[in-house]
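Hi everyone, thanks for coming. Let me put the model up on the screen, and then we can walk through it together.

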Amino acid sequence: MTMPNLVIALTKGRILDEVLPLLAQADIVPAEDISLSRKLIFDTNLAHVKLMVIRGSDVPTYVEFGSADIGVVGKDLLLEYGDEAFYEPLDLDIARCRLMTAEPIGRAAPVGRLRVATKFVNIAKRYFAEQGVQIELIKLNGALELAPSMGLADAIVDIVDTGKTLTANGLEAKDFIAHVSSRIIVNKASMKIKNAAIREILDKLSTAVANRAA
Ligand code: AMP
């Protein structure tokens with residue numbers, strides 16, 4: 001049987017380091033060292049499987065439109081993007097962290113609307129609306145921790161792991177918003193058309209995840 005071509009979208013950095021051992025257990029191994037290359041698409045040991053390396057925030061887009069069949073992406077980005085556009089069949093339980101609000105240590109309650117800086121604008125809007133708190137939202141693309149000390153915002157919504165980045169910038173975590181870990185997402189049409197090939201990978205990955213947890 002010839003296998004249909006499959007493209008898997010990944011991101012560099014922490015997720016890549018943690019996902020490659022899981023992919024290896026699903027018998028998928030990149031043909032070269034991804035972290036040493038500037039290429040964006042990589043062959044693997046399997047002729048029909050290619051790995052694409054892109055920004056995390058672009059993984060949902062590539063998978064929604066079917067340019068990638070499978071993606072590995074943080075739940076933070078899925079909560080921000082919306083999770084209707086693809087299937088989310090597996091929690092890889094890697095790159096775990098939390099989405100939190102944070103503010104300057106010991107800051108007095110601000111007068112007027114809370115100014116919140118974040119790159120997670122949809123998550124922040126939803127969270128503060130649920131709390132009944134009116135906010136002024138300020139979209140940033142990085143270095144969120146700087147915004148309060150530079151007078152741009154009263155609080156931020158960001159990813160927290162150890163909390164060291166917050167502390168180093170005079171901030172403390174306040175409210176918990178969501179647990180985050182990396183998920184497998186699958187294009188809806190691919191799941192039908194390439195079902196056997198995708199199922200095989202999903203089954204092997206879930207076995208790898210279960211074995212690691214054991
Ligand atoms: P920490 O200082 O350990 O709390 O790490 C916080 C920073 O590391 C965040 O601002 C993120 O940029 C990054 N970070 C930590 N964990 C993750 C993760 N699982 N996924 C993406 N970014 C992360």
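Let's begin with a term: a polar contact is a pair of N or O atoms within 3.5 Å; within protein, one must be able to donate a hydrogen and the other to accept it, and residues adjacent in sequence count only if both atoms are side-chain atoms. Two ground rules as well. What you see is a predicted model, where local features need pLDDT of at least 70, side-chain atom pairs count only at pLDDT 80 or more, and totals for chains, interfaces and linings use all residues. Residues are numbered from 1 along each chain as its sequence is written, and side-chain values use heavy atoms, with hydrogens and water left out.

Now for an example of such contacts. Thr-44 sits in the loop between S2 and strand S3 (49-53). A polar atom of the Thr-44 side chain lies 2.8 Å from the backbone oxygen of Val-49, and a polar atom of that side chain is 3.0 Å from the backbone oxygen of Leu-46. Helices (H or I, at least four residues) and strands (E, at least two) are, by the way, DSSP runs, numbered from the N terminus.

Is Thr-44 buried or exposed? Buried means under 20% relative accessible area, exposed over 50%, and partly exposed in between, with a 1.4 Å probe and protein chains only. Thr-44 has 10% relative accessibility, so it counts as buried.

Let's step back to the whole chain. There are 8 helices and 11 strands, and the C-alpha atoms fill a box of roughly 65 × 35 × 30 Å along the principal axes. Of the 214 residues, 45% count as buried.

Next, the ligand. Which residues surround it? Among them are Arg-14, Ala-95, Cys-97, Glu-145 and Asp-158, where being near means that a heavy atom of the residue lies within 4 Å of the molecule. By type, the shell divides into 4 nonpolar, 3 polar and 5 charged residues. For that count, Ala, Val, Leu, Ile, Met, Phe, Trp, Tyr, Cys and Pro are nonpolar, Asp, Glu, Lys and Arg are charged, and the others, Gly among them, are polar.

Strand S9 (155-160) and helix H6 (164-168) each supply at least two residues of this shell, and S9 gives the most, with 3 residues.

What lies at polar distance from the ligand? A ligand nitrogen is 2.7 Å from a polar backbone atom of Ala-95. A ligand oxygen is 2.8 Å from a polar backbone atom of Asp-161, and an oxygen of the ligand is 3.4 Å from an N or O atom in the side chain of Glu-145. Overall, the protein covers 71% of the 490 Å² of accessible area that the ligand has on its own, an area that comes from the Shrake-Rupley method with a 1.4 Å probe.

Ala-26 lies in the loop between helix H1 (14-25) and strand S2 (41-43), and is buried, with a relative accessible area of 4%. Although Asp-203 is 177 residues from Ala-26 along the chain, their C-alpha atoms are separated by 8.3 Å. For Ile-123 and Leu-146, 23 residues apart along the chain, that separation is 20 Å.
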